[in-house]
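Subject: Model handover and notes

Hello,

Here is the structure for you to look over. My notes follow below it.

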Protein chains: 4
Amino acid sequence: MKKLEVGILGATGMVGQRLVSLLEHHPWFEAKWLAASERSAGKTYREACNWRLRDPLPKGVADLAVHECKPAGAPPLLFSSLDSKVAGEVEREFAQAGHVVVSNSSNFRMEQDVPLLIPDVNPEHLALVCEQRKQRKWKGMIVTNPNCTTVGLAMSLAPLEKAFGIEKVLMTSMQAVSGAGYPGIPTLDILGNVVPFIGGEEEKVERETRKLLGKCVDGHVKMGDFIVSAHCNRVMVEDGHTETISVAFRKKVTAADITEAWRAYRSLPQERGLPSAPKHPIVVREERDRPQPKFDLESEHGMATVVGRLRECAVLQFKYVALSHNTIRGAAGAALLNAELMKTEGYLD
Amino acid sequence: MKKLEVGILGATGMVGQRLVSLLEHHPWFEAKWLAASERSAGKTYREACNWRLRDPLPKGVADLAVHECKPAGAPPLLFSSLDSKVAGEVEREFAQAGHVVVSNSSNFRMEQDVPLLIPDVNPEHLALVCEQRKQRKWKGMIVTNPNCTTVGLAMSLAPLEKAFGIEKVLMTSMQAVSGAGYPGIPTLDILGNVVPFIGGEEEKVERETRKLLGKCVDGHVKMGDFIVSAHCNRVMVEDGHTETISVAFRKKVTAADITEAWRAYRSLPQERGLPSAPKHPIVVREERDRPQPKFDLESEHGMATVVGRLRECAVLQFKYVALSHNTIRGAAGAALLNAELMKTEGYLD
Amino acid sequence: MKKLEVGILGATGMVGQRLVSLLEHHPWFEAKWLAASERSAGKTYREACNWRLRDPLPKGVADLAVHECKPAGAPPLLFSSLDSKVAGEVEREFAQAGHVVVSNSSNFRMEQDVPLLIPDVNPEHLALVCEQRKQRKWKGMIVTNPNCTTVGLAMSLAPLEKAFGIEKVLMTSMQAVSGAGYPGIPTLDILGNVVPFIGGEEEKVERETRKLLGKCVDGHVKMGDFIVSAHCNRVMVEDGHTETISVAFRKKVTAADITEAWRAYRSLPQERGLPSAPKHPIVVREERDRPQPKFDLESEHGMATVVGRLRECAVLQFKYVALSHNTIRGAAGAALLNAELMKTEGYLD
Amino acid sequence: MKKLEVGILGATGMVGQRLVSLLEHHPWFEAKWLAASERSAGKTYREACNWRLRDPLPKGVADLAVHECKPAGAPPLLFSSLDSKVAGEVEREFAQAGHVVVSNSSNFRMEQDVPLLIPDVNPEHLALVCEQRKQRKWKGMIVTNPNCTTVGLAMSLAPLEKAFGIEKVLMTSMQAVSGAGYPGIPTLDILGNVVPFIGGEEEKVERETRKLLGKCVDGHVKMGDFIVSAHCNRVMVEDGHTETISVAFRKKVTAADITEAWRAYRSLPQERGLPSAPKHPIVVREERDRPQPKFDLESEHGMATVVGRLRECAVLQFKYVALSHNTIRGAAGAALLNAELMKTEGYLD
């Protein structure tokens, strides 16, 4: 089977690099067209990009030319990891010009007619693109994935919302520095420190979680009927967002019910056997001190949400810890899985 | 005025070292008698102690002999920072023998007739020692300070409990490695990692906070009438526990009410002018990204609790961030302030 | 081909864990017999061992019993990663009892009749075991690998000694915390710090390098005819020892000569195709800021020595940077490669 | 005595902030005029500056206006911590206009007629400014201090050069991240890593050390008659450059001779009692594992060079470890001490 040639908008950034790396051996897609800011355009990828991943820069990509972010010459399917300052305009231009834009940027996430998609959580939201094309008269479309901090929360809550109904959620994150991109956090700000503020992050987590766990009704999303409150912090970890979560349900449940719901959870990506899908979307650790970024980050190639320390919460009902790989499951891998689902569901035809 | 000679049980540990350091220039007390485990007994303090503080080992103390933890020859007032495995028995023996033991250990904290004391929060609990002596027939007494993680929570809640009444509290801590003592956490466990578990810590925070904010009635403490739930984590910070806190009150309040309550708060240590008392027990930072361990740890010589980021919480009522120096305000400085209060209130006569 | 069953002395320590991990998929050897201190004996490996590697504990090993370090019942080939406090006596006992002991401990390294072996550097030293058996009347034998800091230095020097002759070497190391084992360095000692001292390390590097690059003559090693001076430091890196090296040769050479000698270097492990042998023992990086632990540690599965920044040295002749994985190439992988060479050369028959 | 009003060029950078902080309580000088890049000009210092020091922003300075780097309105004495990209032109303009520029920038350091000054090392070099004014027809002058890595090396060598004569020096540095300014090193580059390259640093150390220890003859400096070779590395330390140093002397010396030369060393700053002068320019630690940034950085308020681990070097003659505070002794404090010396020697009249 010939691979589908795809492009990357914002290819030189941290998430762009992860996309390049994840696409290297992808069975369906092949990175063939790269675009970035004007400063990079005209250079080869190797020249334009300050490669920061431990895995080496794939050879097939190193000598590709970096283009400007203009639709002319771009392939039909594009991943976007552009900075939100420019993503709005660029992604719209590509969608108007007939491209499918699978975006990691925050600009369109909360638009009524744009799917905010985690294939393991709300695959049915993909259908929103029909409304989108109708409303916007675009020949192409935009599909988004959530913020990296939202992912671990929404994935760990999805089986519980389905099984028991959620009423209230309180979350504190301890987020990795890679979530801030590159150069990102200056070392002088974070070495031996905790920074208890990340601009806009708490608001994103609070509203995106409710959209993700909402229902698709009459061409728009009815937000999930629960409350979320988030405290977001930056800590000196390279990759992996750790979250402490307290939750109240709409009915009485036991710890065994919750664990069973997590362990049994499968969704469309697992059913379809999508190449980037984790076999177990939720991995449950039973040690008393896990999950930890050091040991659990690579579970299911970084595509699982790892949970542990489930116990009763005196204030809400239960509390636990969740860990998610912020640049894989929370960004590049999220976009990739979205595109895979779009392919099996016929949205790329 | 001649200084009162005091002793330290567990003088070679991290908290013992902090006590030695804080006592160096203390106007009322002077460290003159040191005790530690059998392994150290018989050596000089310099030999027995692997000094780990940035401030140099005080000269007057370096050549003191280290004794075994036996009452014979010990001064009337002793600070104890013994490991909880041995503290119970040793502290009891000293109290029976007529000594005043001002303890940082957890063993006696929750006993009905033992004051769990933060002078800025519940100075009136000190009166419990009358009941203690009556019940136990001890010639001496034991007074305790709370766990290092409890302190920042209880101090930041104290003015709010008094002004508005608290109903529910949810706290997530990001705790410094010094809280685990020395050698404490192996580097291989925490470098670039978060450890979302600290044995016994959550339970301590949940019950100690309620005792501290409880009322002293008929010789025992009526626990505070609110619920606390804690998530405790270890992060790669040297000193300073950062806490994200959500709270629900018993009446409607505004952010301005809370800030005003914090800023205006003074208690007996400020009134008495205790040498180790912070001028402002609660320091309110207004920057959007503070408090941070790097910048706020030394506020009021490490004796203040620094709060910031006060904002509404969708799940409870308000949320904020608190920071407290875990080995000063949370341990050695806490014990010292307890002893200072005991002196002005006549308990050392 | 049936795999050879092997044992591990000191199986629960950091190097023991690496051995277990590297043996999991080894084509020739299989870990079947584990031994550790009395405290661990009688437990399963899972119970006895605080597994600290990111790769999960291999299932086949988790339920093996942990034995005492006594020869009865042990297989003929044993890897030893015992603490040097006990390694001397235990290894001798096993060798006397007829076992082949492939040791990572320092105790026997400098003995005249014990091979100190890096198969890519001095495979011919293995022949010393004939002398060893003759002298000591042992039925078994002991073969050692060098200190983890020596390895990167000796490997990067080996091609240069062969090609040009070395006269003087000055080395400063920046060593990873995993080199100190577990629990190893307390976080309070190394967080944000450099510790410019590692007990015994400089002496080991200085003498081991000369033995490794010496010639085997008449059943003993004539030490390499050059001088080594080492400065050893601990820095806050998890794995990977970085070394700055200045060297003076016995003849005039150019940077191109040196690079060519490194790139062309192959030795017996490559010729024999040993399973753990790196294809390129020396990997040369050309970027101006490499090698770095973050990016180069895993070169050749952690079995290469990575060099870079070759330039003239005003004091000696040339200077460069070398990086080596301290628990793989510098310990567990080193022992494994030694055993592989012993097998192909007939020493295990 | 009325304090002399001084200005700071590049006041918002890391070294500029240190200058502001060190000048807060200075007995002779008072920061009254601040200048920075066009982007900052017109704002107050509080607005323009992202204050990154642990000590709080001095109140008297916070509301000062930030000017452009133009001489009009500037006081006669200016400290410059400008980026070397702009320092050359700006400093020249100020000197031409009659100002005394005490510069931390590298641009003029190696000019024949510009003093490269460490008052404890080569106070007599200050006389070069006479030649400078003659040659350049400037009404003002420029005086420079060395690179932050040079300082610890040159200070620890100065007493030895004077006493014994130096022949060869080999130095490896482990440099703090604050040396790269702010934002400086991205966390993703240095977390758990060593970067064995700092652009231009090795060359600076090699030539500056020879100028500093050279002799002032006939209005220019005869470079020190010895060879220096440097390896420079960045490690994850906040402040404090640690250096391993090997040295060969022109005559036979003993360890006792060296220690005595260090301990006895005093120079003009000590004689004159300059306010920023360390009482002991060289502090000798006798513990086997010191100096360390964590414990020794603040020696003599960050103005001492701390040495330790003196022992024989097999390749050169002796080796030791030196530590120096890179933003105090190596930058802001260095410039301040230069200005103090200029005042007592009459260069500011």
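One definition before the notes: a residue is called buried if 20 or more other C-beta atoms lie within 10 Å of its own, exposed if 12 or fewer do, and partly exposed in between, with C-beta atoms placed from the backbone. This is a predicted model, in which local features need pLDDT of at least 70, side-chain atom pairs count only at pLDDT 80 or more, and totals for chains, interfaces and linings use all residues. Residues are numbered from 1 along each chain as its sequence is written, while chains are lettered from A and ligands numbered from 1 in the order in which they are written.

**A buried leucine**

Start with L126(C). It is buried, because 20 other C-beta atoms lie within 10 Å. L126(C) sits in the loop between β5 (100-103) and α5 (128-136) of chain C. Helices (H or I, at least four residues) and strands (E, at least two) are DSSP runs, numbered from the N terminus. Which residues does L126(C) contact, leaving aside its neighbours within four places in sequence? They are P115(C), L117(C), V143(C), L341(C), M342(C), E345(C) and Y347(C). Contact means that the C-beta atoms of two residues, placed from the backbone, lie within 7 Å.

**Backbone points to check**

Two cis peptide bonds are on my list.
- R290(C) and P291(C) are joined by one, with omega about 5°. P291(C) is in the loop between β12 (282-284) and α11 (293-296) of chain C.
- Y182(D) and P183(D) are joined by another, also with omega about 5°. P183(D) is in the loop between β7 (166-175) and α7 (187-190) of chain D.

Positive phi values come next.
- E300(A) is not a glycine, yet its phi is near 55°. The loop between α11 (293-296) and β13 (305-312) of chain A holds E300(A). E300(A) is buried, with 20 other C-beta atoms within 10 Å.
- R309(C), again a residue other than glycine, has phi near 55°. R309(C) belongs to strand β13 (residues 305-312) of chain C. It counts as buried, with 21 C-beta neighbours inside 10 Å.

**Chains A and B**

How many residues of chain B are in contact with chain A? The count is 34, and they meet 34 residues of chain A. On the chain B side, the elements giving two or more residues are β7 (166-175), β10 (227-234), β11 (241-249), α11 (293-296) and β14 (318-324). β10(B) gives the largest share, five residues. By class, this side has 16 nonpolar, 10 polar and eight charged residues. Here Ala, Val, Leu, Ile, Met, Phe, Trp, Tyr, Cys and Pro count as nonpolar, Asp, Glu, Lys and Arg as charged, and the others, Gly among them, as polar.

A rotation of 180° with 0.0 Å of shift along its axis superposes chain B on chain A, at RMSD 0.0 Å. That is the relation of a two-fold axis. Superposition is by least squares on the C-alpha atoms of residues with pLDDT of at least 70 in both copies. 100% of the interface residues of chain B are also interface residues in chain A, so the copies meet through the same surface.

**Chains B and D**

Five residues from chain B and five from chain D make this contact. The chain B side has two nonpolar, one polar and two charged residues. Chain B superposes on chain D by a rotation of 180° with 0.0 Å of shift along the axis (RMSD 0.0 Å). Of the residues of chain B, G192(B) comes closest to that axis, at 3.7 Å (C-alpha). Both copies use the same surface: 100% of the contact residues of chain B recur in chain D.

Best wishes
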